[in-house]
Amino acid sequence: MEQPVLIQGAMACELEFLQKKLEKSREVNVGPNSFWQGSFNNTPVVLSRLQIGFAQTAAATALAIENFEPKFIINQGTAGAYTPELNNYDIVVGERYFNAGAIFTGGHTETQHEDLLPWQYLALDRVEAATSLKNCVSN
């Protein structure tokens, strides 16, 4: 059986159009997550409703990978509100990425607002990450 393409969206409006076009659609629930399995032009597709937030997205993506073994993943809707130049259904292909879950601002006093502190990025290398975390905690 051919591996499906997984298309993800956090909000119902991001998936409604695709759900209507899905051929031979069937809903599959895995825990609290909903998936719709079917095809477009004889290509197997799974649609995934992610909910909002990094943790929800990671959980739904892991469940989809485990249960449907997709060929590749298209995640739509992420960061759509960051710039007024983006519209519904625009496609953005990134040139680089960063791990937004690996940012810290260090310590702050009760009178110092956290937004005023410089953001620092944790290194992705395990040794460097452990050193960065140690420095963060000791400051």
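Which element gives the largest share of the lining of the second largest pocket? Strand E4 does, with 3 residues.

This is a predicted model, in which local features need pLDDT of at least 70, side-chain atom pairs count only at pLDDT 80 or more, and totals for chains, interfaces and linings use all residues. Residues are numbered from 1 along each chain as its sequence is written, and side-chain values use heavy atoms, with hydrogens and water left out.

**Fold**

The chain has 3 helices and 7 strands. Both are DSSP runs numbered from the N terminus: helices are H or I with at least four residues, strands are E with at least two. Along the sequence the pattern reads β-α-β-β-β-α-β-β-β-α.

An open sheet holds 5 strands in the order E2-E3-E4-E1-E5, with mixed pairing. Two strands pair if DSSP finds at least two bridges between them. Strands E2 (23-30) and E5 (72-76) stand at the edges with a single partner strand each, so one side of each has no neighbour in the sheet. From one strand to the next, the twist averages 20 degrees. E1 and E5 run parallel, joined by 5 bridges. Ile 7 has Ile 74 in E5 as its bridge partner.

Axes are lines fitted to C-alpha atoms, for helices over the stretch in contact, and angles run from 0 to 180 degrees between N-to-C directions.

| Helix | Residues | Strands | Angle |
|---|---|---|---|
| H1 | 12-21 | E1, E2, E3, E4, E5 | about 150 degrees to E4 |
| H2 | 54-68 | E1, E2, E3, E4, E5 | about 50 degrees with E3 |

Of contacts between residues at least 6 apart in sequence, 48% join residues at least 24 apart. Of the 139 residues, 27% count as buried. Buried means under 20% relative accessible area, exposed over 50%, and partly exposed in between (1.4 Å probe, protein chains only).

Met 1 lies in the segment before E1. Met 1 counts as exposed because its relative accessibility is 96%. Pro 44 is 43 residues away in sequence, yet the two C-alpha atoms are 9.3 Å apart.

Both residues line the second largest pocket, whose lining also includes Gln 37, Val 45 and Phe 68. E3 and E4 each supply at least two lining residues. On a 1 Å grid over the protein atoms alone, a pocket is an open set of points where a 1.4 Å probe fits, with protein on both sides within 12 Å along at least five of seven lines; lining residues have an atom within 4 Å of a point.

How values were computed: Contact = heavy atoms within 4.5 Å.
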